[in-house]
Amino acid sequence: MGELTVERLGRGTTWLDPGTPEAMLRAANYIHVLEERQGLKVACIEEIAWRMGWITIEQLARLGHALRKSAYGQYILRLCD
């Protein structure tokens with residue numbers, strides 16, 4: 001039908017398919033280890049918006065400030081430094 005497309009995933013890309021409880025646990029553990037070792041968040045929407053130029057550093061700082069009591073908010077604020 002000509003509707004299928006294929007896209008090669010680049011080096012460093014990981015495909016996670018948590019279709020079972022065990023696979024979900026493995027995926028969660030993988031993300032946890034990755035974030036701990038790299039010091040980065042996976043799919044931080046605020047960071048993505050800032051890096052894509054959709055929001056300014058000032059807007060990013062305001063978003064981080066609103067969440068400043070959480071580790072997630074502290075991560076966003078560190079991006080602003």
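**View 1. The salt bridge between E47 and R51 in the predicted model.** In this predicted model, E47 forms a salt bridge with R51, and the closest nitrogen and oxygen atoms of the pair lie 2.9 Å apart. The two residues are four positions apart in helix α2, so about one helical turn separates them.

**View 2. The salt bridge between K41 and E35.** Here K41 forms a salt bridge with E35, with the closest N and O atoms 3.9 Å apart, a distance that falls within the 4 Å cut-off applied to such pairs. K41 is partly exposed, having a relative accessible area of 28%, and E35, at 21% relative accessibility, likewise counts as partly exposed.

**View 3. Helix α1 and the residue that follows it.** Helix α1 covers residues 21-38, and its 18 residues reach 26 Å from the first C-alpha to the last, which is close to the 26 Å expected at 1.5 Å a residue. The helix is followed by G39, whose phi is positive and near 70 degrees.

**View 4. A43 in the loop between α1 and α2.** A43 is found in the loop that lies between α1 and α2, the latter comprising residues 45-51. Although A43 is not a glycine, its phi is positive, at about 60 degrees. The residue is exposed, with a relative accessible area of 55%.

**View 5. A nonpolar patch on the surface.** L16, Y30, L34 and V42 form a nonpolar surface patch, and together they have about 290 Å² of accessible area.

**View 6. The protein chain as the setting for the close-ups.** The protein chain has four helices and zero strands, following the pattern α-α-α-α along the sequence. Its radius of gyration is 16 Å, well over the 12 Å that the globule rule gives for 81 residues, so the chain is more spread out than a compact globule. The C-alpha trace spans about 45 × 35 × 20 Å along its principal axes, and buried residues make up 16% of the 81 residues. The accessible surface of the protein chain comes to about 7,000 Å², of which 57% belongs to carbon and sulfur atoms.

Terms used:
Residues numbered from 1 in each chain as written. Predicted model: local features only at pLDDT ≥ 70, side-chain atom pairs only at ≥ 80, totals over all residues. Heavy atoms only, no water. Patch = residues over 30% accessible without salt bridge, like charges linked within 9 Å, V, L, I, M, F, W, Y side chains within 5 Å. Areas by Shrake-Rupley, 256 points an atom, 1.4 Å probe, with all protein chains shown as cover. Salt bridge = Lys/Arg side-chain N within 4 Å of Asp/Glu carboxyl O. Rg over C-alpha atoms; globule rule 2.2 N^0.38 Å. Buried < 20%, exposed > 50% of the residue type's maximum accessible area, 1.4 Å probe, protein only. Expected span 1.5 Å × (residues − 1).
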